[in-house]
Amino acid sequence: RADHQPDPAKGAAVKAADRAHVFHSWSAQELIEPLAVAGAQGSYFWDYDGNTYLDFSSGLVNANIGYQHPKVVAAIQEQAGRMTTFAPAYAIDVRAEAARLVAERTPGDLDKIFFTNGGAEAVENAVRMARLHTGRPKVLSAYRSYHGATSGAINLTGDPRRWPSDTASAGVVHFWGPYPYRSPFHSDSPEQECERALSHLADLIAFEGPQSIAAIILETVVGTAGVLVPPEGYLAGVRALCDRYGIVFVLDEVMAGFGRTGRWFAADHWDVVPDLMTFAKGVNSGYVPLGGVAISAEIAATFATRPYPGGLTYSGHPLACASAVATINAMREERIVENAADLGERVIGPALREIADRHPSVGEVRGMGVFWALDLVRSKETREPLVPYNPSAADNAPMGAFAAACKKNGLWPFVNMNRTHVVPPCTITEAEAKEGLAILDEALTTADGFTV
Ligand code: PLP
């Protein structure tokens, strides 16, 4: 499939060098054995031992345009030959063009773009902008969410990764968003879930004091915490609450943005316009670190004559911006967002639903575009998750066995707690998607073995 020769000796050397000096994120250093990756192309990557994997994880759900897209690689090379770095305070052609291309696609009047080096930093700045704009201290964020790993962003995060972190930052208050399959509100329909989730949020605002709340931050479609597609009316309801109380509405589209849901932004599915929108990952498929905040006219005006106190040495880095320009242009020219929408609706969604019907371990299928999750259960009847929330290594055996079964047959899955997510590049072909779905189907018999 790819022009590469196995080289196990080099693989062993890479692993030894990695073990000697690389300190890995989110890991117990001596309990991990990272795969030594030799190369990647399109929807595939390979190791030094002759194994090739179809990537149903898009790296960290970021390689939306696939690996080594020739137009993006060429743009980075061209930019490197012209100008590799220049400080954020200057007007640079590729920075201005990247901002224009992003602003052209963001909804409503989100027309000013503040570039960052990734998603967490975008979230940090969105919160800072909201606090300065409103003069209020508190931020509300949802349980079952992920907003990044820097100090402020991890405190907004609503999953177990927050627990061992810095002391919770003052003013962050968590609420429950909708999750019809395991409803925090004991509702029995998406409509009721929407109504109850909005009423819970309205109560929380009343008891926290609307005049003290700067922002509500939400993932438009919750990503890492389970691909939770909001019920009809939920985002509009949150928008209305924000309008009523002058609260800044922040949509975090770091994972959902740039094609993953089959639209440029997930917000487009519901015609909702936030005041601030964070993005990263798909903006340039992670070829060079980049993220940003899209800012409404009203919030931008707050900083018209008052300096915005934020920015880093590498904000809006020319190499990153050049890769964003090439990525967005390639996505448009090659109809990559349309491909994600079409495959999701015609191939991936129907196949996953059919798979779910046949496997006792699949409780629910959720998603859109190339953004799907299978919620795995011990019993379809009780909906008890296949592994407990925040599983220990021992508890995690069923998911470990399922992931190993995928990898043995050449599929690299995205596994998180009791779920496997189907999040391939937006460029995946129909044949590749079917190949991956067949492997997933077979591997689920391993998960079925753990049901009761
Ligand atoms: N927000 C969301 C919704 C994310 O999914 C992520 C990363 O997965 C982040 C923020 C953090 O992005 P980064 O890892 O680029 O800092």
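First, some ground rules. This is a predicted model, in which local features need pLDDT of at least 70, side-chain atom pairs count only at pLDDT 80 or more, and totals for chains, interfaces and linings use all residues. Residues are numbered from 1 along each chain as its sequence is written.

**The seven-stranded sheet**

Let's start with seven strands that form an open, mixed sheet in the order β4-β10-β9-β8-β7-β5-β6. Strands here are DSSP runs of E with at least two residues, helices are runs of H or I with at least four, and both are numbered from the N terminus. Two strands count as paired if DSSP finds at least two bridges between them. At the edges stand β4 (112-116) and β6 (172-175), and each has a single partner strand, so one side of each is left without a neighbour in the sheet. From one strand to the next, the twist averages 20 degrees. Angles run from 0 to 180 degrees between N-to-C directions, with axes being lines fitted to C-alpha atoms (for helices, over the stretch in contact).

| Strands | Bridges | Direction |
|---|---|---|
| β5 and β7 | four bridges | parallel |
| β7 and β8 | five bridges | parallel |
| β8 and β9 | three bridges | parallel |

You can follow the pairing residue by residue. S141 stands opposite I217 in β7, and I217 in turn has V250 in β8 as a bridge partner. The chain gets from β7 to β8 through helix α8 (residues 234-245), a β-α-β crossover that is right-handed. That term means that, with the strands pointing away from the viewer, the path from the first strand over the helix to the second runs clockwise. One step along, L251 is bridged to M277 in β9.

How covered is β7? Seven of its seven residues are buried. Buried means 20 or more other C-beta atoms within 10 Å of a residue's own, exposed means 12 or fewer, and partly exposed is in between, with C-beta atoms placed from the backbone. Helix α7 (residues 190-208) lies across β5 (138-142), β6 and β7 (213-219), and runs at about 155 degrees to β6.

**The four-stranded sheet**

Another open sheet has four strands in the order β11-β12-β15-β14, and its pairing is antiparallel. Its edge strands are β11 (362-368) and β14 (414-416), each pairing on one side only. Neighbouring strands are turned by 20 degrees against each other on average, direction ignored. β14 meets β15 (residues 419-422) over three antiparallel bridges, and V415 stands opposite T420 in β15. Helix α11 (residues 336-358) packs on this sheet, touching β11, β12 (371-376) and β15, and its direction makes about 170 degrees with that of β11. Contact means that the C-beta atoms of two residues, placed from the backbone, lie within 7 Å.

**Around the ligand**

Which residues come nearest to the ligand? Of the 15 around it, they are G118, G119, A120, G148 and V254. A residue is near if its C-beta atom, placed from the backbone, lies within 6 Å. Helix α5 (residues 119-134) gives the largest share of the shell, three residues. The shell divides into six nonpolar, seven polar and two charged residues. Ala, Val, Leu, Ile, Met, Phe, Trp, Tyr, Cys and Pro count as nonpolar, Asp, Glu, Lys and Arg as charged, and the others, Gly among them, as polar.

**A loop residue**

Finally, Y90 lies in the loop between α3 (70-82) and α4 (93-105). Is Y90 buried or exposed? Y90 counts as exposed because it has 9 C-beta neighbours inside 10 Å.
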